[in-house]
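Look at the structure with them in mind.

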Amino acid sequence: MTITPEFGEEERMNQQEARVRQRSEGVRPQDREDTEEREIEEQDRAEGESADLEPEDNEAHAPGKVCERCGAVITARQDVRRLPDGKWIHEVCP
């Protein structure tokens, strides 16, 4: 380790301690208030998004495709499921 000529060992140690103190303090007090407010806003937004979701919005439809299980053509009103290989099947075959 080298010591710069303009600073002695004690001065260099004080500078290092100051840097460590700054890093450990992290967020300044006025920023902490903003952080808490942002977290509350994010939680409110997330709760609002989950309240808007409806189970029916997550249904899959594949009109015109052929069901791999029963071989029937899938209509627009029928709920379907996509298999890992990319093929479609009815939720409940007619």
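Two salt bridges are present in this predicted model. Side chains of opposite charge can pair when their charged atoms come close.

| Salt bridge | N to O distance |
|---|---|
| Glu91 and Arg81 | 2.8 Å |
| Asp85 and Lys87 | 4.0 Å |

Start with Glu91 and Arg81, whose side chains meet at 2.8 Å. Where do these two residues lie? Arg81 belongs to strand 1 (residues 80–82), while Glu91 sits in the segment after strand 2 (88–90), so the pair ties together parts that are 10 residues apart in sequence. How accessible is each partner? Glu91 has a relative accessible area of 36%, so Glu91 counts as partly exposed. Arg81 is also partly exposed, at 46% relative accessibility.

Now take Asp85 and Lys87. Their side chains form a salt bridge with an N to O distance of 4.0 Å. Is Asp85 buried or exposed? Asp85 is exposed, and its relative accessible area is 52%. The cut-off for exposed is over 50%. Lys87 has 39% relative accessibility and is partly exposed.

Which residues form the negative surface patch? They are Asp34, Glu36, Glu37, Glu39, Glu41, Glu42, Asp44 and Glu47. Patch members have no salt bridge, by definition. One of the patch residues, Glu36, is found in helix 2, which covers residues 29–52.

Technical notes
Residues numbered from 1 in each chain as written. Predicted model: local features only at pLDDT ≥ 70, side-chain atom pairs only at ≥ 80, totals over all residues. Heavy atoms only, no water. Helix = DSSP H or I, 4+ residues; strand = E, 2+ residues; numbered from the N terminus. Buried < 20%, exposed > 50% of the residue type's maximum accessible area, 1.4 Å probe, protein only. Patch = residues over 30% accessible without salt bridge, like charges linked within 9 Å, V, L, I, M, F, W, Y side chains within 5 Å. Areas by Shrake-Rupley, 256 points an atom, 1.4 Å probe, with all protein chains shown as cover. Lys, Arg positive; Asp, Glu negative; His and termini not counted. Charge placed at Lys NZ, Arg CZ, Asp CG, Glu CD.
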